[in-house]
Amino acid sequence: MRCEAAMLQLRVKRITPEAESIKSYELVPSDGAELPAFTAGAHIDLHLSNGLIRSYSLVNDQRERHRYVIAVNKDPASRGGSAFIHDQIRAGDTVTASGPRNNFALVEHADHSILIAGGIGITPLLSMVRRLEALGRRWQLFYAARTRRAAAFLDELEVGRPDVLHVDLDDERAGQLFDLNGIVAQAPANAHLYCCGPTPMLEAFEAATAERPADLVHVEYFKPKQEAAVEGGFEIRLARSNRAILVEPGKSILDALLEAGIAASFSCMEGVCGTCETRVLEGIPDHRDQFLSEEEQATNKTMIICCSGTKTKTLTLDL
């Protein structure tokens, strides 16, 4: 199971518009201390004053220990996360954040890396670009967006990278769709491929890379592919607490535990970040998350309790 990171108090030093609905936030330690190290592809969780917790990728160079930089897209369908950050957080404010975690790590020794970004999915890949350049590794970035105005960090990326940056903009395309299958087909056999973007792009990427070795394919979901399991009508047994909790219809396992006063760790509430990963002692989970690999899910040793349910009448958890 993944360890819970320490909490940090960060001051918003600077807010910069990066695209028509995207702002970057430079966060520095309130006490002036050195920040915990991170690696390319990592994220932090912001604990917002409205009670929400949201995960954001770090876009800056991992060698920097004096700041974290995130970018936030104001989602029209925001449930209070991105809209709150855009509308309420100002330079000078203090925010609470987790230490960095990385579920989308860069393989630094790879001979060749192919990075594929869709929209705000550029954020974890930007830190990878910085790292690959620092290491002198071979890489290519394929960046798709609706318009130039919607493409964050494009001006920065276009400086001095004509041979490795490939930009595809909907309003500048001459009728041809973004050829993800072609990108994958032309990638060297030993290349590591990374993709982050909207769910349809990620599903197409997984289909296109299905025949490639699993350890060469890396994907980062910002949103779940499946609906959370909230059918309810089963019992959760807690081995360490010696308690039994009924999960009622309309509730997730995490909902039921929190309502019962169980101090379960959680963050995104969407099965993406892995914070609520919990060891399963008995029973068979109904996995709905995007965090565990298919191999990890098949073992049924752990589950993501914010979104996954059960295929058995009871589940015994290590809580």
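Leaving aside its neighbours within four places in sequence, which residues is Leu 126 in contact with? Leu 126 is in contact with Val 59, Phe 153 and Leu 157, where contact means heavy atoms within 4.5 Å.

The note concerns a predicted model, in which local features need pLDDT of at least 70, side-chain atom pairs count only at pLDDT 80 or more, and totals for chains, interfaces and linings use all residues. Residues are numbered from 1 along each chain as its sequence is written, and side-chain values use heavy atoms, with hydrogens and water left out.

1. Leu 126. This residue is found in helix α2; helices (H or I, at least four residues) and strands (E, at least two) are DSSP runs, numbered from the N terminus. Leu 126 is buried, with a relative accessible area of 1%. Buried means under 20% relative accessible area, exposed over 50%, and partly exposed in between, with a 1.4 Å probe and protein chains only. From C-alpha to C-alpha, Leu 126 and His 43 are 12 Å apart in space, and they are 83 residues apart in sequence.

2. His 43 has Ser 57 in β4 as its bridge partner. The strands β3 and β4 pair in the antiparallel sense over 5 bridges; two strands pair if DSSP finds at least two bridges between them. Their hairpin has 5 residues between the strands, and Gly 51 takes a positive phi near 95° there. In strand β4 (residues 53–57), 4 of the 5 residues are buried, so the strand is largely enclosed by the rest of the structure.

3. The open sheet. Its 5 strands have the order β9-β8-β7-β10-β11, with parallel pairing. β9 (165–169) and β11 are the edge strands, each of which pairs on one side only. From one strand to the next, the twist averages 10°. Within the sheet, β7 and β10 run parallel and are joined by 5 bridges. Cys 196 in β10 is the bridge partner of Ala 117.

4. Helices on the sheet. Helix α2 (residues 122–135) lies across β7, β8 and β10 and runs at about 155° to β7. Axes are lines fitted to C-alpha atoms, for helices over the stretch in contact, and angles run from 0 to 180 degrees between N-to-C directions. α5 also packs on the sheet, touching β7, β8, β10 and β11, and its direction makes about 160° with that of β10.

5. Which residues of helix α5 (residues 199–208) are buried? They are Met 201, Leu 202 and Phe 205. These residues cover an arc of only 95° around the axis, which puts them on the same side of α5; the arc is that of the directions from the helix axis to the C-beta atoms. Pro 200 and Ala 207, on the other side of α5, are exposed. The buried residues of α5 pack against β7 (112–118), β8 (138–145), α4 (180–186), β10 (192–196) and β11 (217–220).

6. The largest nonpolar core. A nonpolar core is a set of buried Ala, Val, Leu, Ile, Met, Phe, Trp, Tyr and Cys residues joined through side-chain atoms within 4.5 Å. The largest one has 32 residues, and those touching the most other members include Leu 115, Leu 125, Met 128 and Tyr 194. Two or more residues each come from β5, β7, α2, β8, α3 (154–157), β9 and β10. α2 gives the largest share of this core, 6 residues.

7. Aromatic pairs. The structure holds 2 aromatic pairs. Rings of Phe, Tyr and Trp (its six-membered ring) pair if their centres lie within 6.5 Å; planes under 30 degrees apart count as stacked, over 60 as edge-to-face and the rest as tilted. Phe 38 and Tyr 68 form an edge-to-face pair, 5.9 Å centre to centre and with 80° between the planes. Phe 38 lies in the loop between β2 (22–29) and β3 (43–47) and Tyr 68 in strand β5 (residues 68–73), so this pair ties together parts that are 30 residues apart in sequence. The rings of Phe 104 and Tyr 194 have their centres 6.0 Å apart and their planes at 80°, so this pair is edge-to-face. Phe 104 lies in the loop between β6 (94–98) and β7 and Tyr 194 in strand β10, so the parts tied together are 90 residues apart in sequence.

8. His 192. This residue is in strand β10 and counts as buried at 8% relative accessibility. Leaving aside its neighbours within four places in sequence, His 192 has contacts that include His 112, Asp 215 and His 218.
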